[in-house]
Amino acid sequence: MDNITNEKEKQLNIEKLLNEGKTLVINPIGYSMVPLFIPPNDQAVVTPDFDKIKRLDVMVYRRPGGPLVIHRVYKVTKEGIYMVGDRQVEIEGPLPYECMLGKMVSFVRKGHTYSTKNVFYKAYSVIWMWLRPMRNLFAKAAKGVLKFTKTFSKTFK
């Protein structure tokens, strides 16, 4: 596996390296895939070798005329692929199949590697997709809990 470390090199070469058939370990940036990826430490192991794309797969793709993105497959149709980030509610697509560059086969958190075939990962994927319409409520609740915790801890210092 090739580990891309330089940020500028990462942005420039991920697509090229996947097109060359290399499996990569990448550090997703941004927050659209929280809670699956917590930046900056979590990593995705992505392979360009995939025969079939199915619902819940996490794919690296290039938006037409845009940036590289890593999101989850919401739906696959003959018109294209519909994608959504784990922190998003809005669905993007249809995207052409040709936009898809690689498929996540595992991810790394705190030094431990977890396969996408792991039963707990599969359960998370199903439940989290099912909860997609309610994700904004979870985000607001989490923000409220953090605010309360900070206020509470200041009160008793």
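Residues are numbered from 1 along each chain as its sequence is written, and side-chain values use heavy atoms, with hydrogens and water left out. Because the model is predicted, local features need pLDDT of at least 70 and side-chain atom pairs count only at pLDDT 80 or more, whereas totals for chains, interfaces and linings use all residues.

I begin with the pocket. The second largest pocket has a volume of about 290 Å³. A pocket here is an open set of points on a 1 Å grid over the protein atoms alone, where a 1.4 Å probe fits, with protein on both sides within 12 Å along at least five of seven lines; lining residues have an atom within 4 Å of a point. Grid points are joined across faces, edges and corners, and the volume is the space filled by probe spheres set on the points.

Which residues are closest to the centre of this pocket? They are Lys54, Asp57, Thr116, Tyr121 and Lys122, out of 14 residues that line the second largest pocket. Strand E8 (100-109) and helix H2 (119-130) are the elements that give two or more residues to this lining, and H2 gives the most, with four residues. Helices (H or I, at least four residues) and strands (E, at least two) are DSSP runs, numbered from the N terminus. By class, the lining has six nonpolar, two polar and six charged residues. Ala, Val, Leu, Ile, Met, Phe, Trp, Tyr, Cys and Pro count as nonpolar, Asp, Glu, Lys and Arg as charged, and the others, Gly among them, as polar.

Helix H2 also holds Ser125. Is Ser125 buried or exposed? Ser125 counts as buried because its relative accessibility is 2%; buried means under 20% relative accessible area, exposed over 50% and partly exposed in between, with a 1.4 Å probe and protein chains only. Leaving aside residues up to four places away in sequence, Ser125 touches Leu56 and Arg72, where contact means heavy atoms within 4.5 Å.

Lys110 is exposed, with a relative accessible area of 76%.

Finally, the cis peptide bonds. The bond from Val34 to Pro35 is cis, with omega near 15 degrees, and Pro35 is in the loop between strand E2 (24-26) and strand E3 (43-47). Pro39 and Pro40 are also joined by a cis peptide bond, with omega about 5 degrees; Pro40 lies in the loop between E2 and E3.
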